[in-house]
Amino acid sequence: KSSLEANLQNADEEYAGQLLMLQDILSDRDAELSRIQMDMQRQTQDYAQLLDIKTRLEMEIAQYRRLLDGEHVRWDNHPYFKQQRVVNLWNSLPQKAMETNSLCAFKRELDLL
């Protein structure tokens with residue numbers, strides 16, 4: 001009888017150890033899942049922000065095209081003049097705006113103008 005009780009005690013201890021190990025693994029997975037969900041949420045927000053910026057830039061580009069198309073009556077229609085106006089516009093930007101390393105930072109610099 002004492003042998004069976006000892007075996008039962010050993011089995012209980014072994015299973016208790018395995019249970020603790022599995023609970024630790026589950027806890028780690030839960031933490032990892034939380035990190036992934038937070039990362040997904042951040043990426044979704046970044047994507048939405050980039051999509052908004054893209055839409056606004058497309059609208060701005062369309063506006064510039066309308067302006068350029070309207071200017072062909074007053075300016076020589078040679079591509080050089082259109083290129084020169086774009087180059088002049090770019091060159092007139094502040095150095096800080098041209099040295100940004102992300103679209104968001106570039107946009108912020110443009111908004112400050």
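Colleague: How many salt bridges does the count come to?

Modeller: A salt bridge here is a side-chain nitrogen of Lys or Arg within 4 Å of a carboxyl oxygen of Asp or Glu. By this rule the count comes to four.

Colleague: What kind of model is this, and what average pLDDT does the chain have?

Modeller: This is a predicted model, in which local features need pLDDT of at least 70 and side-chain atom pairs count only at pLDDT 80 or more, while totals for chains, interfaces and linings use all residues. Residues are numbered from 1 along each chain as its sequence is written, and side-chain values use heavy atoms, with hydrogens and water left out. pLDDT is the predictor's confidence in each residue, from 0 to 100; 81% of the residues score at least 70, and the chain average is 82.

Colleague: Which residue forms a salt bridge with Arg56?

Modeller: Helices are DSSP runs (H or I, at least four residues), numbered from the N terminus. The closest N and O atoms are 2.3 Å apart, and the partner is Asp52.

Colleague: Is Lys107 buried or exposed?

Modeller: Lys107 is found in helix H4 (residues 103–111), and, leaving aside neighbours within four places in sequence, Lys107 is in contact (heavy atoms within 4.5 Å) with Ile53 and Arg56. Buried means under 20% relative accessible area, exposed over 50% and partly exposed in between, with a 1.4 Å probe and protein chains only. Because its relative accessibility is 16%, Lys107 counts as buried.

Key
Helices (H or I, at least four residues) and strands (E, at least two) are DSSP runs, numbered from the N terminus.
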